[in-house]
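Let's take a walk through a protein together. Keep the sequence and the 3D view side by side as you read.

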Amino acid sequence: MDRLPNELVDVIAAKCDFPSLKNLRLVNKVTKDAATPLVFGHFYMGYFPDHLDNLCKLAKSPLAKEVKVFTLFSDLLPNWTEEKWRDQVDLRPECYESYEWCRAQQIEPQYLPDCGFCTDGGTCAECRGCYLGDAYAALPRHHFDDEQLFEVWTRFRTLRESQAAWREDREGIVFQEYFSLLPSLTEARVVCAAIQYHRCAKRAPVWERLRKEICVSPDDWNYDWTEGDERFTGIAEGQPPLCLLEAVGFRAQFAGTTHISKLMVQNTYRKSYMDRLGTTVGQGGNNRHLCESPTYARRYLNVLEGFKHITALKLEIVGSIPVEPQVMIEICTILRTATQLRRLELSFLDDYELLMGGVVHTKALSDSFCGEHDDSIQHAKESQPLYWPHLEHMALRTNITPDPFVSFLRRHAATLRSLELRDMSVDDATDLLKEIPKVLKLDHVHIEKIYGVNTKYDASDEDSYPFICYLRDGTSCPDDYEKNLRAYLLGQAEKLPELREHGRGGKPKWTTILAEDVESGSDEDQ
């Protein structure tokens with residue numbers, strides 16, 4: 001190893017996993033120099049005081065300069081009883097691991113049918129998982145005796161209490177100070193492990209180690225629905241995201257410090273951040289729509305201060321519970337504050353009400369892209385339409401209104417070269433798609449799952465449905481229909497192909513789909 005050129009050592013380090021990188025640092029000085037930026041370049045932290053101590057130690061060490069990306073996991077341990085926790089402890093192999101177990105036990109696995117929702121051709125964990133029936137059910141959930149299990153429960157309860165003891169006037173201030181001492185940091189993220197890692201949170205950084213200590217992970221509680229309350233019970237808490245946003249704003253106040261230019265906020269808390277200010281000291285949650293207290297007004301302005309330097313923003317609001325009007329105001333304010341944006345990814349699953357017939361009402365965030373004011377967010381807007389002078393890429397997953405959105409695109413025609421639209425309700429999809437190549441000269445475009453109201457819906461017709469989905473497979477699909485539509489959007493064709501319901505192949509018969517669902521359910525019950 002001592003004789004290898006540095007370039008080859010860098011290649012070797014780039015191929016190593018994280019445990020191997022830590023070992024590689026111990027070989028010699030050359031490998032240490034190559035592995036150190038990869039080991040400390042991305043710092044992960046849970047919302048725990050013990051993890052805050054790790055951040056403090058790192059920020060005081062010479063290794064602080066290596067940290068380029070910071071990720072805070074917002075998952076909170078649930079307030080379970082010991083009995084509930086014991087029910088959730090399950091250390092058996094997951095479905096995507098169980099094939100190897102089948103081979104070792106000489107059991108022929110029976111595979112479930114395609115889940116019907118994945119776009120990976122039946123290769124997702126749900127599709128390739130095997131159903132083992134009694135053989136799998138007979139596996140022990142764990143190998144602890146009662147005394148060992150009680151010790152694990154005690155560790156779980158201690159960690160939960162430490163999260164509950166986090167105070168914004170104590171741990172929050174310390175976090176802001178040491179977050180600002182990372183001199184090379186340019187990217188910050190606050191994510192939910194179960195969502196970010198697609199229900200494989202037990203393999204996520206931080207949680208992979210914690211699961212060995214407490215025998216559960218966010219996958220075991222984030223999808224535990226509470227009766228009568230449609231929310232993710234373990235992650236519908238806004239304090240961790242607010243903690244990071246305050247730290248980003250606090251850091252932006254210091255001259256000579258590199259500003260955070262890339263920010264990702266993934267949050268299931270669909271209420272106002274303003275109401276979270278002061279919560280841990282017994283003063284929050286008062287439905288504050290305005291900043292009555294100068295202290296909280298200043299703190300809120302500090303949060304906005306961090307967005308002034310953001311060039312790449314990914315804002316993802318996850319969940320299915322209705323948002324409060326104040327949330328709409330805050331999103332609009334954040335977007336207007338981030339004047340230096342070059343890349344924007346906004347995912348806002350808008351409020352909707354479902355009846356037996358389908359979607360009957362949608363409330364869009366499209367006013368953010370509109371020059372006309374809406375009474376509900378009048379005081380959150382400025383007189384001028386929303387405009388980012390440097391915007392190059394935009395990806396949206398939120399409902400829009402075609403006319404004001406086209407006006408928004410026209411204002412950004414000089415810089416916008418990449419556009420992605422997914423999972424949105426549009427009043428007239430045809431008019432919107434026709435206008436895109438007329439106002440933009442794009443190098444990249446992707447349109448997928450655009451929903452519109454079916455004006456020909458007949459409740460007495462079993463093959464009729466109240467809303468229509470266009471481009472189910474997306475314009476990146478290699479079929480001729482999608483190729484022709486993509487060519488039009490890129491300005492390479494003169495005529496827009498007639499939109500097909502449900503993308504390629506036209507409209508399927510709903511009775512056939514229902515029959516397939518019933519058949520799949522029967523297979524799973526066997």
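We will start with the sheet, then turn to the helices.

First, some ground rules: this is a predicted model, in which local features need pLDDT of at least 70 and side-chain atom pairs count only at pLDDT 80 or more, while totals for chains, interfaces and linings use all residues. Residues are numbered from 1 along each chain as its sequence is written, and side-chain values use heavy atoms, with hydrogens and water left out.

Helices (H or I, at least four residues) and strands (E, at least two) are DSSP runs, numbered from the N terminus. Two strands pair if DSSP finds at least two bridges between them. With that in hand, find the open sheet of ten strands, which has mixed pairing and the order β1-β2-β5-β8-β9-β10-β13-β14-β15-β16. Its edge strands, β1 (42-46) and β16 (467-470), each pair on one side only. On average, neighbouring strands of this sheet are turned by 10° against each other, direction ignored. Angles run from 0 to 180 degrees between N-to-C directions, and axes are lines fitted to C-alpha atoms, for helices over the stretch in contact.

Now zoom in on strand β9 (residues 312-317). Strand β8 (residues 262-267) runs parallel to β9, and six bridges join them. Asn267 stands opposite Ile317 in β9, and Met264 has Lys314 as its bridge partner there. Strand β10 (residues 343-348) also pairs with β9 in the parallel sense, over six bridges; here Ala312 has Arg343 as its bridge partner. Is β9 enclosed or open? Five of its six residues are buried (under 20% relative accessible area, with a 1.4 Å probe and protein chains only), so β9 is largely enclosed by the rest of the structure.

Next come the helices. Helix α4 (residues 49-60) lies across β1 and β2 (69-73), running at about 150° to β1.

Two packed helices are described by the angle between their axes and the distance between the axes. For helix α10 (residues 171-179) and helix α13 (residues 239-251), the axes come within 9 Å and cross at roughly 45°. That makes α10 oblique to α13; oblique covers whatever is left after under 35 degrees (roughly parallel), over 145 (roughly antiparallel) and 65 to 115 (roughly perpendicular).

Which residues of α10 make the contact (heavy atoms within 4.5 Å) with α13? They are Phe175, Gln176, Glu177 and Phe179.

Notes:
Contact = heavy atoms within 4.5 Å. Buried < 20%, exposed > 50% of the residue type's maximum accessible area, 1.4 Å probe, protein only.
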